[in-house]
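Let's take a walk through this structure, one spot at a time. Keep the viewer open and follow along as the residues come up.

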Amino acid sequence: MRTFQFANLLRPHILTLSPYSSARDEYTGKEGVFLDANENPLGSALRASTTSPGQYNRYPDPYQSAIKERLAPIKGVRPGQIFLGNGSDEPIDLLIRATCTPGQTDSILILPPTYGMYEVSATINDVRLIKVPLTPDFHLDVEAVIAAIEPTTKIIWLCSPNNPSGNQLDSGAIRQVIEAATHAVVVVDEAYIDFAQGPSWTTELDRYPNLIVLQTFSKAWGLAALRLGMCFASEEIVRVLNKIKPPYNISAPTQALGLEALDNVAQKDAMVAEILAERAVLVEQLRPLSIVEQVYPTDANFVLVRFTDAKAIFEYLINKQVIVRDRSKVMLCAGCLRISVGTRPENEVLLAHLQQYANSARLSVNADALTH
Ligand SMILES: *Cc1c(COP(=O)(O)O)cnc(C)c1O
């Protein structure tokens, strides 16, 4: 592993790229008469209000150093090991663009069923996909994954806890893949890590220079609308991402609100605890329903459920204005709906409608039996 160099994975022109140098790159002081960025010196076209408390006429910190200083000790990493993106989708796209030459043999490897953005991002970039399905109970097939890695495979995406199945991948299996991938990076997407047991893979960053960990403010932190994603990796990898990102990719309000959230870790933890308690209740009440065939084990804030008649149940719920995610067309997820854990009242509304559907299904079966 010591011989791994991210530079060897980079597309040649990315390796030699001289990046855009912003005004805030060239002068980093805070005080002075700023006439270097063509900003409006008078202020913003905003009335001060609770939603826009400040002035936004100056470009934001391109490297978000205040958030990184605050985030690093919380995550047990160095600030230089953090890249922040406009959602996790930004580092997903940047990693593909940095390493994979479009339309050539370069490939990324994914383990369906999994988060859709890896495939979409690869396809937008015209990058080849290698798919190694999870096992039918959604575990990582180590031998199949290692056998499928090609010399030009640049990125292996592991999602743990996995979306849409909800389960964490076995950590021993993940480790085997990281150790076998001597010429590729392994990205562990931990969007749902706060709802799971056990340590984050961020604790292994110094051991594995080919490891990248994604997390997000969109789920446990309750900040999906801000669009703030975290990427943890070696300083070498973070430097490359900084070089190719749009200069001011995280807006000033997002930086300010992200920083504020980091002062409220206890509030995030309390919400996670409440969601975990509701998840347990939801799972327990789904299991006995006659229309439920299987409730899959979950380490996330959602649960994958196999129903007798997923499509009809999905439509029935839509008619009741209860919206869940139809995953029944997804590999290994036939008959499955993915249900996010809501508040207690929301979950009760869902369960009441499912119970009602189950009752009417039973009635129509009985009616059928009478007329035939
Ligand atoms: C929700 C989710 C994300 C988060 O994406 P953002 O762009 O940060 O909102 C990332 N990965 C997975 C697997 C997810 O389900």
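Start with aspartate 263: is this residue buried or exposed? Its relative accessibility is 55%, and since anything over 50% goes in the exposed class, aspartate 263 counts as exposed. Bear in mind that you're looking at a predicted model, so this value, like the others below, is computed from predicted coordinates. You'll find aspartate 263 in the loop that runs between α9 and α10, the latter spanning 265-286. Now look across to arginine 70. In sequence, aspartate 263 and arginine 70 are 193 residues apart, yet their C-alpha atoms sit 8.5 Å from each other in space.

From there, hop over to the largest pocket. It holds about 360 Å³ of space. Its lining is made up of 17 residues, and those closest to the pocket's centre are Arg24, Thr28, Lys30, Pro60 and Asp61. Which helix gives the most to this lining? That's α3, with 3 residues. Both α3 (65-75) and α9 (252-262) supply at least two lining residues each. Sorted by class, the lining comes out as 9 nonpolar, 4 polar and 4 charged residues.

Next, the ligand. There are 13 residues around it, and Tyr192, Thr216, Ser218, Lys219 and Arg227 come nearest. The shell splits into 4 nonpolar, 5 polar and 4 charged residues. If you like to think in atom pairs, begin with tyrosine 192, where an N or O atom of the side chain is 2.6 Å from an oxygen atom of the ligand. How much of the ligand's area does the protein bury? Taken alone the ligand exposes 390 Å², and the protein buries 94% of that.

Most peptide bonds are trans, and most residues other than glycine have a negative phi, so departures from either pattern are worth a look. On the peptide side, proline 112 and proline 113 are joined by a cis bond, with omega at about 0°. Proline 113 belongs to the loop between β2 (107-110) and α5 (117-124). A cis bond also links serine 160 to proline 161, this time with omega near -5°. Here the setting is the loop between β4 (153-159) and α7 (171-180), where proline 161 is placed.

Look for leucine 332 in the loop between β10 (325-326) and β11 (336-340).

Notes. Residues are numbered from 1 along each chain as its sequence is written. This is a predicted model: local features need pLDDT of at least 70, side-chain atom pairs count only at pLDDT 80 or more; totals for chains, interfaces and linings use all residues. Side-chain values use heavy atoms; hydrogens and water are left out. A residue is near a molecule or strand if one of its heavy atoms lies within 4 Å of it. A polar contact is a pair of N or O atoms within 3.5 Å; within protein, one must be able to donate a hydrogen and the other to accept it, and residues adjacent in sequence count only if both atoms are side-chain atoms. Accessible areas come from the Shrake-Rupley method with a 1.4 Å probe; for residues, only the protein chains shown count as cover. Ala, Val, Leu, Ile, Met, Phe, Trp, Tyr, Cys and Pro count as nonpolar, Asp, Glu, Lys and Arg as charged, and the others, Gly among them, as polar. On a 1 Å grid over the protein atoms alone, a cavity is a set of points where a 1.4 Å probe fits but cannot get out, and a pocket is an open set with protein on both sides within 12 Å along at least five of seven lines; lining residues have an atom within 4 Å of a point. Grid points are joined across faces, edges and corners, and a volume is the space filled by probe spheres set on the points. Helices (H or I, at least four residues) and strands (E, at least two) are DSSP runs, numbered from the N terminus. Buried means under 20% relative accessible area, exposed over 50%, partly exposed in between (1.4 Å probe, protein chains only).
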